[in-house]
Amino acid sequence: MYHIQHIGIVGRTGAGKSSLIASIFRLVEPQGVITIDGIPTSTISLPHLRTNLSIIPQDPVLFTGSLRMNLDPFQRCPDDRLWQALADVQLSNTVKHNPQKLEMNVGVGGSNFSLGQRQLICLARALLRENLILILDEATASVDPQMDALIQHTLHSKFDHCVVITVAHRLNTIMDSNKVMVLDGGQVVEFDHPYNLLQNSGGAFSNFVSQLGPTEAKRLGQVAYERYQRIQEVQTTKTDEKQLEQNQLENDLVVKDDELEELNGYVYSKSSCCDLPFVICHLYQHLLMTAFVLGTV
Ligand SMILES: Nc1ncnc2c1ncn2[C@@H]1O[C@H](COP(=O)(O)OP(=O)(O)O)[C@@H](O)[C@H]1O
Ligand SMILES: [Mg+2]
């Protein structure tokens with residue numbers, strides 16, 4: 001896994017998706033090695049590991065109490081940050097219209113909010129925690145398409161600097177991921193960009209997509225293709241920028257070499273004020289050398 005990536009995880013029921021998430025949080029100790037930035041998670045203390053990962057479970061349950069407590073359980077954030085997070089997930093109007101505002105009551109398990117709204121509250125909480133890894137277990141229960149689109153939009157706009165791991169139950173939500181991992185029987189059977197996976201028509205991911213029917217499969221294929229093209233373009237630009245930077249660096253070095261040569265030849269015309277101590281030092285050395293040579297003659 002690389003920095004800043006959106007990864008989709010797919011697989012049939014029992015494939016091991018939830019087990020993988022449980023292993024990342026070390027709810028069960030993994031047999032293999034899971035590393036974050038090269039550090040095995042087994043060497044990180046549990047509180048440190050878990051406070052640095054955000055998760056939005058399939059059926060997010062809220063605490064009974066105030067909305068403020070649900071957003072910021074440790075009361076670390078000022079009100080304006082809480083309102084900003086609510087605005088980011090487009091819940092600020094709903095909360096503003098409640099007379100108790102941030103102190104509004106959250107019923108048992110968040111019963112006075114819809115499933116989609118509960119997910120949005122969890123997203124707002126994740127935004128406030130500013131963790132760089134977000135794990136999302138998609139809701140299987142029906143979230144209306146508008147809410148689904150809003151959640152996806154928030155994920156892409158507000159978590160674009162994060163690693164987002166989505167356990168996907170709807171393939172359309174992960175077609176524009178950087179990578180898709182297909183699990184089967186507890187094993188990773190495919191792991192690549194969805195566009196690349198779709199090139200293998202007999203592959204597991206292609207089979208999942210084709211099961212949705214030709215029209216939907218074509219549409220999803222197009223989404224994957226467009227995203228793939230965008231990534232290629234960004235990579236090309238980055239390579240160009242790197243090349244430009246390298247050229248600039250080489251130019252700088254050439255200039256420095258020129259200046260050094262001139263200095264060595266006691267041509268100081270190009271030297272800036274910053275080079276003055278160096279020039280004086282150089283002259284002093286030269287005079288000392290001359291005196292030494294004259295003295296020995
Ligand atoms: N706590 C557990 N103890 C033993 N086996 C488990 C446990 N949880 C899940 N499993 C088994 O591990 C396999 C993967 O399950 P799971 O990770 O829940 O799959 P998925 O989330 O992809 O549906 C299944 O065969 C399941 O029965
Ligand atoms: Mg599961």
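A: In this predicted model, six strands form an open sheet in the order β4-β7-β8-β1-β9-β10, and their pairing is mixed. At the edges stand β4, residues 53-56, and β10, residues 187-192, each of which pairs on one side only. From one strand to the next, the twist averages 20°.

Strand β1, residues 6-10, pairs with strand β9, residues 179-184, in the parallel sense, and four bridges join the two. Within this pair, Ile9 has Met181 of β9 opposite it. On passing to β10, the sense is antiparallel, with five bridges between β9 and β10. Here Val182 stands opposite Glu190 in β10. The strands β9 and β10 make up a hairpin that has two residues between them, and in its turn Gly185 has a positive phi of about 55°.

Helix α6, residues 115-129, lies across β4 and β7, the latter being residues 133-137, and runs at about 170° to β4. The packing of two helices is described by the angle between their axes and the distance between the axes. Helix α6 packs with two helices, including α7, residues 145-158: the angle is about 10° and the axes are 10 Å apart. Because angles under 35 degrees count as roughly parallel, α6 is roughly parallel to α7. On the side of α6, the contact is made by Gly116, Gln119, Leu120, Leu123 and Leu127, and on the side of α7 by Met147, Ile151, Thr154 and Lys158. By class, these residues of α6 and α7 are five nonpolar, three polar and one charged.

The other helix to consider is α4, residues 79-88, whose axis comes within 9 Å of that of α6, the two crossing at roughly 130°. That angle makes α4 oblique to α6. The crossing of α4 and α6 is right-handed. Arg81, Ala85, Leu86 and Asp88 of α4 meet Ala124, Leu127 and Leu128 of α6 in this contact. The residues of the contact between α4 and α6 comprise five nonpolar and two charged, with no polar ones.

Around ligand 1 are the residues Gly11, Thr13, Gly14, Ala15, Gly16, Lys17, Ser18 and Ser19. By class, the shell around ligand 1 consists of six polar residues, one nonpolar and one charged.

Key
Residues are numbered from 1 along each chain as its sequence is written. Chains are lettered from A and ligands numbered from 1 in the order in which they are written. This is a predicted model: local features need pLDDT of at least 70, side-chain atom pairs count only at pLDDT 80 or more; totals for chains, interfaces and linings use all residues. Two strands pair if DSSP finds at least two bridges between them. Axes are lines fitted to C-alpha atoms, for helices over the stretch in contact, and angles run from 0 to 180 degrees between N-to-C directions. Two residues are in contact if their C-beta atoms, placed from the backbone, lie within 7 Å. Angles under 35 degrees count as roughly parallel, over 145 as roughly antiparallel, 65 to 115 as roughly perpendicular and the rest as oblique. A crossing is left-handed if the near helix is turned anticlockwise from the far one by less than a right angle, and right-handed if clockwise. Ala, Val, Leu, Ile, Met, Phe, Trp, Tyr, Cys and Pro count as nonpolar, Asp, Glu, Lys and Arg as charged, and the others, Gly among them, as polar. A residue is near a molecule or strand if its C-beta atom, placed from the backbone, lies within 6 Å of it.
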